[in-house]
Amino acid sequence: MATFLYRLGRWAFDRRKLVTLLWVAVLAVGGVLAAKAPAAPADGFAIPGTEAQKAFDLMNERFPGGHADGAQARIVFVAPDGQKITAEPSRQAVQKTVGELAHAAEVTGAVDPFQAHTVSQDGTTAYATVTYSAKAGELSEEATAALEQAAQHGRDAGLKVEMGGTALASHGEAGGSSEAIGMALSAVVLVITFGSLVAAGLPLLTAVVGVGLGMALITALGSTLGLSATTGTLAMMLGLAVGIDYALFIISRYRAELAEGRAPREAAGRAVGTAGSAVVFAGLTVVIALAGLSVVGIPILSKMGLAAAGTVVVAVLVALTLVPALLGFIGRKVLPRKERKAAAGSTRRASGDNGGARWARFVLRRPLLVLIGGVIGLGVIAAPALDLRLGLPGDEAKSTSTTERRAYDLLSQGFGPGFNGPLTLVVDAKGAPDPKAAAEQVAKNVSGLPGVVAVTPPVFNPAGDTALVNAIPATGPAESETKDLVQAIRDDAAGLKSATGASVLVTGTTAMNIDVSQKLSDALVPYLAVVVGLAIVLLLLVFRSVLVPVKAAVGFLFSVAAALGAVVAVFQWGWLADLIGVDQTGPVMSMMPIFMVGVVFGLAMDYEVFLVTRIREGFVHGESASEAIVTGFRHNARVVTAAALIMVSVFAGFIGMSEPMIKMMGLGLAAAVALDAFVVRMALVPAVLALLGRRAWWLPRGLDRILPDVDVEGAKLQSAADESVEDRKPVTV
C-alpha cells in the first residue's frame, strides 16, 4: 500500500499540470451535468415494513384521486381580542379566505371550518385544512404564493392568521452562511498551524474541489437515483470537513519530510505513501460507517449515507492525487519563509521537542490517573443520555418567529395540543359482513379509550370497503402519552378484527414519527455490530494488533455517549438553550443516535488512524513502546488538534441554522468530534498504550500469517526510494 501510494504521489508531482487539468475538467463536466439535470425530487419519508406506511399505502390504493401523499396546509384563524370568530364580520373573512384558496393552483380541497365544525368551544378560534395534489416540497411558486396571499387577506380583515402543515416544508438549508463560517474558522486554524498562507490555502482549495464535485454529482444524479436536496446536507458537512483534514495530514507530512532535508519530489512521494495510507484507511472507515446506514431500512437515511460516502471517496482521491500535484507547483513555499533556506541546505535533522511530545511524556508518567480522569469526565457528560427521549420534532420545536410554530401554539390554546397531531385510522372492511357497522364499531371503541378527546365519523371510499376515522389525542404529538395511545389502539385491533372482520391500521404524521423512532431504535444494535465489526477488521489490517482496534472501538462508544449527553442537556433539558437559539425543548430527533454512531465512528477512526499509525511507525522502526508514543505525538498531535478544530468549526457552523434538526446535528457532531479528539484520542489512547506497553502490538502468530501486510507505516519505502538516486540530492522548486 505505502509503496504504491509513494509512486502515485511522485507521479502526480511530476505530472502536476496534467493531474490538475484533469481535475478541473472533471469538475467542469460535473458542473455541466448538474446544471442540465432535471430538478431533484422532494423529500420522501417512507418507512417500509411499518404499520403507518402500510396504512398510508392502503389509503393511496383504496381512495383513488385522494392524494394521500399530497401536501397539506392548516390555517388557524383567531378573532380579535374580545370578539368571536363566529361573529358575522369574522365569519365572512374566514369564508372568503378559504374560498379564495379553494380555487388556487394545485388545491384539491379547502374545507370551510363552519361546515366542518372546526371551531373552538369558546368561539374564538377556527382552523381550515387545505389539501394539494402536489407532494410536500413540490408545490409550485404559484401555489405557495396563493397560500401566503390568502392568509394576508385574512390578516387585513383584522384576524390573526397563522399557517402550519407540510405545504410549508422547505428544501433544507445546505449551503450558505454556515459553510462560510466553517471555512473562515478553518482558515484561521490552518494559518496558525502552518504559519504560511500558501500552506493554509491549499487544504481549503482542494476541499472545495472535492465538495464541489461531490455535490455536482449528487445534483446530476438526483432525479435518476431519487436524491433530494436534503440528501446533500450530510455530504456537504462531511465532505468539507474530511476534505480539509485529509489534505492537512498529507501537507503536514510533506512539510516534515522537507524539514528533514528531502527533495520536494521525494517528500511528496513519502507524504502520500505514509500519511496517504492513513487517509485511505481513515476514508474507508468513514465510508463503511456511512454506507452501513442502509442497514436501518429507511430510504432517505440510506441515500444520505451513500451520497455522503461518495463525497468522502472523492475527498480521498483528491488528497492522493490533486494535493501532491499542487505541491509540485508550490514546492518549498509550504514552509514558513524562515524555514525554507534551512530545509533546502540541510540533511536530515532530528525533530525537537514540542507540546505534543511534552504532553505524551506527561501521560506516560501518570497513565492510570489520566485514564481514570478521562473516563469519569466523559461519564459525567454522558449522564444526561440516560434520560434520552426520542421523537421527530415538528412545528412545536421551531422558533416562535415562524408562522408554523405560532399556528401550533394557537391550535393548542384553542382546541388542545392533540389537534396538532391527529391519528388517522384506516379501517379495511373489505370482506367484512357489514363494512359500515364495522367502521362505526371501530369509532365507538376508539372514542372510549383514555386519552382520546374526539373521534370523527367514518368516511368511506367510493367502493364502500374502506373507511377513514380520525382520532384526536388529549396530548401533543411528541408526548409519551400519545405513543401509549397509538399502541393501545393497535393492541385493540386484533379484537376488533375478530368481532367485525375489519382490520384497523393507524397512520398519520404522529404515528409515522412513532414508528420511525421504533424502527431506528430496533436497528441501532445490528447497525453497531455491522459497522464496528467491519471497522475492527479493517483496523486489524492497519495496526496488526488485536488490542488497538478494540481500544479504538471502546473509546468511540465513550465519545458517542458523551455527545448524546450534551445533546440531551441542551435540547431536552434546556441547558444553554438560549445561547444557541433553541426556542423549545423536547425529545431528541429519533435519527440522532444512529446518525451519530455512523458519522462519529468514521471521524473518530480518522484520528485513531492518523495518530496511532505514526506511533506504530516509530515502534516498527525500532523504538520502544514508550518512545514510539512520544514520537507519534511529536509529529502528529499538533496536526490532529488542528484537524479536530477544523471539523468542530465546520459542524459548529450549522448550530446557527434555524432548522432544529440541523441545529441538533451540528451541536451533536461538534461535541462528538471535540470529545473524541481531545479526550479519547489525545488522552485515553496514550494512557492505554502506555499501560499496555509492547502488549498493545500483540498479534497471534496464526493471525499474523493470515493477514496481508499493507505496510501503512511505510517500512518498505526505502527500497522504493532507492530506485531514484537523483532524489537523494536537495532540489529547489
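I began with Phe249, which is buried at a relative accessible area of 4%. The model I am reading is a predicted one.

I then looked up the ring partner of Phe249. Phe249 and Phe610 form a stacked aromatic pair, with 3.5 Å from centre to centre and 15° between the planes. Phe249 belongs to helix α10 (residues 231-259) and Phe610 to helix α22, so the pair ties together parts 361 residues apart in sequence. Phe610 is buried too, and I noted its relative accessible area as 3%.

Next I followed helix α22 itself. The axes of α22 (residues 592-620) and α24 (residues 660-692) come within 9 Å and cross at roughly 35°. I listed the residues of this contact by type: 21 are nonpolar, one is polar and three are charged. The crossing of α22 past α24 is right-handed.

I went back to the rings and searched the whole structure, which gave nine aromatic pairs. One of them joins Tyr127 and Phe419 edge-to-face, at 6.3 Å centre to centre with 70° between the planes. Tyr127 lies in strand β3 (residues 125-135), and Phe419 lies in the loop between α16 (403-415) and β6 (423-428). I noted that the pair links distant parts of the chain, 292 residues apart. Tyr127 and Phe419 are both buried. Together with Phe415, Tyr127 and Phe419 form one aromatic cluster.

I also checked for charges over rings. The charged end of Arg16 sits over the ring of Phe13, 5.3 Å from the ring centre. Arg91 lies over the face of Phe114, and I recorded 4.3 Å to the ring centre.

Arg544 has phi near 50°, a positive value in a residue other than glycine. I placed Arg544 in the loop between α19 (509-543) and α20 (547-572). Is Arg544 buried or exposed? Arg544 is buried, because its relative accessible area is 11% and the cut-off for buried is under 20%.

Leu576 is not a glycine either, and its phi is positive at about 60°. I found Leu576 in the loop between α20 and α21 (577-580). With 60% relative accessibility, Leu576 counts as exposed, since exposed means over 50%.

Definitions and conventions. Residues are numbered from 1 along each chain as its sequence is written. This is a predicted model: local features need pLDDT of at least 70, side-chain atom pairs count only at pLDDT 80 or more; totals for chains, interfaces and linings use all residues. Side-chain values use heavy atoms; hydrogens and water are left out. Axes are lines fitted to C-alpha atoms, for helices over the stretch in contact, and angles run from 0 to 180 degrees between N-to-C directions. Helices (H or I, at least four residues) and strands (E, at least two) are DSSP runs, numbered from the N terminus. A crossing is left-handed if the near helix is turned anticlockwise from the far one by less than a right angle, and right-handed if clockwise. Ala, Val, Leu, Ile, Met, Phe, Trp, Tyr, Cys and Pro count as nonpolar, Asp, Glu, Lys and Arg as charged, and the others, Gly among them, as polar. Rings of Phe, Tyr and Trp (its six-membered ring) pair if their centres lie within 6.5 Å; planes under 30 degrees apart count as stacked, over 60 as edge-to-face and the rest as tilted. Buried means under 20% relative accessible area, exposed over 50%, partly exposed in between (1.4 Å probe, protein chains only). A charge sits over a ring if NZ of Lys or CZ of Arg is within 6 Å of the ring centre and within 35 degrees of the ring normal.
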